[in-house]
Amino acid sequence: MYNNLIFDDMKNKFLLSSCLLAFSFLAGCAGSSAQNGEDLEIPTDLPPICRDIDFVANPDMREVCGVRKASRHNIAYKNIPQQRYLIKPAETSIVKTNGKLELRFQNSLPINLNGPITNELEFSQEKRLERIKNSYDYHEITKAGYERLRIFKMGIPTDKGNKYDFCFRIPEKKGNDRTRSKAMGVNIETMSCTEFDRIVSSK
């Protein structure tokens, strides 16, 4: 009986130690998350005045800018949309959501970015404050009897030191001001950069 009491006491101490260890681990994770901003849900439509604010260092600005603590579910599955702005065109950004990258232009539908770039851009709180210094090569070509052609190439550098080119075409809006809403966006289309280079070199 005495041996059973000793065994029960040791078992209780072991369970208590395990619980304390687990609690410390979870608290440490929460503390780390709070320090680097991973537990913050930052809207992807922040007004310009809020985009350069470090919400970890300036928690008093969170409510003003619509920033809130993410739910445990979002933190666990990393489903918090994260965003980085490019230097041009204006208002262009790359958003990471559900493990995928979207290139977002103003007043246009998002465009999925595929390839190695998906693993080479960082979206930490620190990187959020750094604009991506991309290149932007725009051409507008008008030939008699042909529809105006507007195309551009973007070279997007990554945090791994690589740079990837993406090419796009801006289609002409259909209809006129009476039949088309002025707020209606243009759906930018992707095109091959080989085709882009061919058109530019032959204009």
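1. Aromatic pairs. The structure, a predicted model, holds 5 aromatic pairs. Rings of Phe, Tyr and Trp (its six-membered ring) are paired if their centres lie within 6.5 Å; planes under 30 degrees apart count as stacked, over 60 as edge-to-face, and the rest as tilted. One of these pairs joins F105 and F152, edge-to-face, with 5.7 Å centre to centre and 80 degrees between the planes. F105 sits in the loop between β5 (100-104) and β6, while F152 belongs to strand β8 (residues 149-157), so the pair ties together parts that are 47 residues apart in sequence.

2. A further pair at F105. The ring centres of F105 and F168 are 5.6 Å apart and the planes stand at 75 degrees, so this pair is edge-to-face. F168 lies in strand β9 (residues 163-170), and the pair links distant parts of the chain, 63 residues apart. F105, Y136, Y138, F152 and F168 form one aromatic cluster.

3. Buried stands for under 20% relative accessible area, exposed for over 50%, and partly exposed for values in between (1.4 Å probe, protein chains only). F105 counts as buried because its relative accessibility is 9%. For F168, which is also buried, the relative accessible area is 1%.

4. The sheet. An open sheet is formed by 4 strands in the order β3-β4-β5-β6, with antiparallel pairing. β3 (82-85) and β6 (111-113) stand at the edges with a single partner strand each, so one side of each is left without a neighbour in the sheet. From one strand to the next, the twist averages 30 degrees. Axes are lines fitted to C-alpha atoms, for helices over the stretch in contact, and angles run from 0 to 180 degrees between N-to-C directions. Strands are called paired if DSSP finds at least two bridges between them.

5. Strand β4. β4 (residues 93-97) pairs with β3 in the antiparallel sense over 4 bridges, and Q83 has V95 in β4 as its bridge partner. On the β5 side, 5 bridges join β4 to β5, again antiparallel; K96 has L101 in β5 as its bridge partner. The hairpin of β4 and β5 has 2 residues between the strands, and N98 takes a positive phi near 55 degrees there. Of the 5 residues of β4, 4 are buried, so the strand is largely enclosed by the rest of the structure.

6. Whole protein. There are 5 helices and 10 strands; helices (H or I, at least four residues) and strands (E, at least two) are DSSP runs numbered from the N terminus. Of the 203 residues, 33% count as buried. Among contacts (heavy atoms within 4.5 Å) with a separation of 6 or more, 49% come from residues 24 or more positions apart. The protein exposes about 13,500 Å², and carbon and sulfur atoms supply 54% of it, with areas from the Shrake-Rupley method and a 1.4 Å probe.

7. Basis. Residues are numbered from 1 along each chain as its sequence is written, and side-chain values use heavy atoms, leaving out hydrogens and water. In this predicted model, local features need pLDDT of at least 70 and side-chain atom pairs count only at pLDDT 80 or more, whereas totals for chains, interfaces and linings use all residues.
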